[in-house]
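Here is a short briefing to read alongside the structure. Have the viewer open, and we will go topic by topic.

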Amino acid sequence: MSHLVRYSRWVWWRIKKNPGTQNREIQVSSFSTAAAEEEKPAPPGPPPPIRVSVTESAGRGVFATRRIGAGDLIHTAKPLLTHPSLSANNAACYFCLRKLTPGESQGQTVAFCGQDCKEKAKVFYDVEAKADWAAFDEYCRTQGLKYPLLVKRLACMVLSGAAAADSLDILQPAYLTPEMVLQMQEGFGLLRSSFSKANIADEQMTFLTNQWYNGVLARLRINAFRIELAMGSYGDLLASASACVEAEAAVGNAVYMLPSFYNHDCDPNAHIVWIDNANARLKALHDVEADEELRICYIDAGMDRDARQNILLQGFGFKCNCLRCLSGD
Ligand SMILES: C[S@@+](CC[C@H](N)C(=O)[O-])C[C@H]1O[C@@H](n2cnc3c(N)ncnc32)[C@H](O)[C@@H]1O
């Protein structure tokens, strides 16, 4: 299994060994924080100062196991799955989402930032490259959909043996209305027929059912992150300003294991940052005491209370009862 899933396997293993995880605590080992930026396995360090436990009203959540100072790096996380935005397809590395210079991406349908990413992607990209994705990509483009691209990548990873079909099952799924399920059928049909036309045998595709497709999308809907890289230079700032006007500022989307357990607060004490690729860094915004829950903000905290409540209800299916919302701010 590729390095992409090394991080998740530990948590997954603990949960499989201990069914009923919704009601138990997960201690996070140092293994799970193997430095995201290092290519070589990091030597075991102290475990990250967090645990995943059940909260009173928001399912599972992430708690500090000791005091964490404002600005401290809590832990890093490698993505389980990434995909560049269609508008950034050859402007970002097809594997790690690092921004590419026009020279690096020139004349290529998909481009990688280096040999390392190319090799890591090879296993699933070999499967992807067998099929014609024009109809599937067009469906995503015309309907403005980004998550089916992540499902397509996961399907290629499963077919190539790089991931298990149930790798995202541990994540909380969104509730899907019958209308949403109906809308998803077209994407599922296009995905399956692209593989069939590429002569992928039915026996290899037994996992690829309508139910699997909808289940993955239901999890991506509330757990995937839109990746916007931090500004590196004045040039980036200018490029970003024009990107905001011309197209989307995000380089792509990604889904993680541990960051998916962070609940939301409109006045968060933690945040997630991406410096130059999809490797995530969870940082404390304020001082956090031991046993305090760490929460990030899922949306633009600059919006007014009604707008925030509406987006959280429509997009994530919960009514926000954070102190800021309760105070009417
Ligand atoms: C990304 S998941 C967070 C982890 C989740 N609690 C779990 O058990 O896997 C997002 C979901 O957690 C719940 N959640 C997150 N923040 C919440 C909050 N402030 N109030 C109530 N529910 C919340 C909602 O069900 C939301 O759709």
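Which residues in α6 meet which residues in α7? On the α6 side they are Val181, Met184, Phe188 and Leu191, and their counterparts in α7 are Asn210, Tyr213, Asn214 and Leu217. Please keep in mind that this is a predicted model.

**The α6 and α7 pair**

- Two packed helices are described by the angle between their axes and the distance between the axes.
- For α6 (residues 178–197) and α7, the angle is about 115° and the axes are 10 Å apart.
- The crossing of these helices, α6 and α7, is right-handed.
- The residues that make up this contact divide into six nonpolar and two polar, with no charged ones.

**Around the ligand**

- The ligand is surrounded by 19 residues, and the closest are Ala58, Gly59, Arg60, Gln172 and Asn263.
- Helix α7 (210–223) turns up again here: together with β3 (60–64) and β8 (263–264), α7 is among the elements that give two or more residues to the shell.
- By type, the shell around the ligand holds seven nonpolar, ten polar and two charged residues.
- Both domain 1 (3–75 + 260–274 + 282–298) and domain 2 (81–252) supply at least three residues each to this shell.

**The sheet of β4, β10 and β9**

- Strands of a sheet pair through backbone hydrogen bonds, either parallel or antiparallel.
- In this open sheet of three strands, the order is β4-β10-β9 and the pairing is antiparallel.
- Since β4 (73–77) and β9 (270–274) each have a single partner strand, they stand at the edges, so one side of each is left without a neighbour in the sheet.
- From one strand to the next, the twist averages 25°.
- Strands β9 and β10 (residues 280–284) run antiparallel and are joined by five bridges.

- Three bridges link β6 to β7 (residues 252–255) in the antiparallel sense.
- A handy pair to find on screen is Phe225, which stands opposite Ala254 in β7.

Definitions and conventions: Residues numbered from 1 in each chain as written. Predicted model: local features only at pLDDT ≥ 70, side-chain atom pairs only at ≥ 80, totals over all residues. Near = placed C-beta within 6 Å. Helix = DSSP H or I, 4+ residues; strand = E, 2+ residues; numbered from the N terminus. Nonpolar A, V, L, I, M, F, W, Y, C, P; charged D, E, K, R; others polar. Domains from an automatic or database assignment. Axes fitted to C-alpha atoms, helices over the stretch in contact; angles between N-to-C directions. Left-handed = near helix turned anticlockwise from the far one by under 90°. Contact = placed C-beta atoms within 7 Å. Pairing = 2+ DSSP bridges.
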